[in-house]
Amino acid sequence: LLSGRETVGSSNMENDVSFKFHQQLLFISENLVTEDVSALKFLCTDLLHLSKLEGVKSAADIFKLLMAQEYLNAEDTFLLAELLYRIKCHSLLEKLDYTKEKVQERLHEKGRVSPYRQMLYELSENITNEMLKEIIFLLQNRLPKRWINPSALDLLTLLEKQGLLTKDNVQILEYVCKTVSPDLLEIIDCYKKAKGEKFILLKELGVLPSFCPKMHKRRCVLLYSEQERTAVDRAFLFQPQVRLKYVVLEVLVLFSFKNTISSYKMDGPHRGFCLIINNVNFNSSQRKGSCKDAEQLEKVFTWLGLDVRTYTDQTSGDIIKLMQTWQRVQDHKDRDCFICCILSHGKSGAICGTDDKLVSIRVLTTHFTAKQCPQLAAKPKLFFIQACQGNNIQRPVYVDTDGPTPDLSSMEERVSLSESIPEEADFLLGMATVDGCVSFRHIEEGTWYIQALCSKLQLLVPRGEDILSILTQVNEDVAKRVSPSGTKKQMPQPAYTLRRKFIFPIPMAPPPS
């Protein structure tokens, strides 16, 4: 038995933990607006009684209900983290000691929001006010006569109450979406496909038991004891064969619905071409470490399914001729996208050939507009530029800058990033640095930007992240770095006219590194 002092100490500690936990919940509740509370109520519909949810006035009320049902406590806050993740309140996750990435990693183990509920919520997020008015008009005979300013979530909840909408019957949604906005059908179709088809649950090869065939390293299995039967990520598991300690089970894959709408088509017979222009040897300098970048880009984009072509030490004239050649390639019509990576010196709005002559980035990108390259019309064109965009600075040991020796006799003219990409849609320009600044290159390990880009592509493509989300994390990675002198930093900058999400299909092979 504990002594009296130990009992008091233990009790005080528990009280401190409980107080801190309730402080966290209060802070989160105070930072959620009315729309967030409505979203939380909707996502909890399968977990809490509807009659109790109807009395909810704040997020704190929902938290109380979740705690009463033992879904939420100081030791296990994952459900709340998942809910905040679903409604995209990522900044509040840190209060629970989570990040967006940590939640994503654990969803397949601990996720409680059903695929059906995710689908409905994703649908509501993509229904505009004009669409909602049209849907209400179509369904007016099934709705209350005096219904004032309902939200999309209100409408979906009512249809569920009336029994017109269930996890096994979404015909009424298909009807209104087909009439109002056929694009919304993609969300519903993805849910139906996930619900009706069987797949092999995926994990990384590191967990493959010895009896599994040496298939693609991304192919996965679920290790399952014959004595255990548990749900994984709300999927249904099939009965394992008896007397097998471990079995490979078929499960219903839980699709992430955030990636199902407004995405570029990436299911063609070929992914696309990726050009890499790697300028190392200049008339007056050498870009040591650039070959490390080129090598890594080749590996990563090959892994992503692209047909990679590398060109080394190109003069300004060579670069223009190269763009003209690839502009006329007929094979683009059978490919999903086009990517071009340029590793060189540069100045504002331009990159250098090995002859130290500048080529405007705008000139390069406009070779692939719909008019100049019809085979790539409406397809995403991505350009990644590793080059300085401003004057050189003094270089610490092992760190070079990707800019030529500055000419101090004249002021450098600035070109805004938006002027470097064509005005038409479907372009993305990823710059290693903001205009007017230098970018850094380690003479052995390569540039900060390209190494971060390759690293984040390998980490986040398998998670289904779109390219803009990936580039945001590249920004964060590079921004944290500092030169050996401790005084120089760098910030990349993307610019784009993309109309849809650009999401690489998840490769079957493991990342190259």
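This is a predicted model: local features need pLDDT of at least 70, side-chain atom pairs count only at pLDDT 80 or more; totals for chains, interfaces and linings use all residues.

Trainee: Why is the pair of Phe 301 and Phe 504 called tilted?

Mentor: Rings of Phe, Tyr and Trp (its six-membered ring) pair if their centres lie within 6.5 Å; planes under 30 degrees apart are stacked, over 60 edge-to-face, and the rest tilted. Here the centres are 6.5 Å apart and the planes stand at 55°, so the pair is tilted.

Trainee: And what makes Phe 338 and Phe 368 a stacked pair?

Mentor: Their planes are at 25°, with 4.5 Å centre to centre.

Trainee: How do you know whether Phe 338 is buried or exposed?

Mentor: Buried means under 20% relative accessible area, exposed over 50%, and partly exposed in between (1.4 Å probe, protein chains only). Phe 338 has 0% relative accessibility, so it counts as buried. Phe 368 is at 0% too, so it is buried as well.

Trainee: What puts the charged end of Lys 95 over the ring of Phe 27?

Mentor: The rule asks for NZ of Lys or CZ of Arg within 6 Å of the ring centre and within 35 degrees of the ring normal. The charged end of Lys 95 is 4.4 Å from the centre of the Phe 27 ring and sits over it.

Trainee: Now the charges: what makes Lys 110 and Asp 76 a salt bridge?

Mentor: A salt bridge needs a side-chain nitrogen of Lys or Arg within 4 Å of a carboxyl oxygen of Asp or Glu. Lys 110 and Asp 76 meet at 3.0 Å, N to O. Lys 110, at 25% relative accessibility, counts as partly exposed, and so does Asp 76 at 28%.

Trainee: What about Arg 86 and Glu 82: how far apart are their closest N and O atoms?

Mentor: They are 3.1 Å apart, and the two form a salt bridge. Arg 86 has a relative accessible area of 14%, so it is buried.

Trainee: Which residues join Arg 117 in one salt-bridge network?

Mentor: Arg 117 and Glu 160 meet at 2.8 Å, N to O. Salt bridges with shared partners join Asp 46, Arg 117 and Glu 160 into that network.

Definitions and conventions:
Residues are numbered from 1 along each chain as its sequence is written. Side-chain values use heavy atoms; hydrogens and water are left out.
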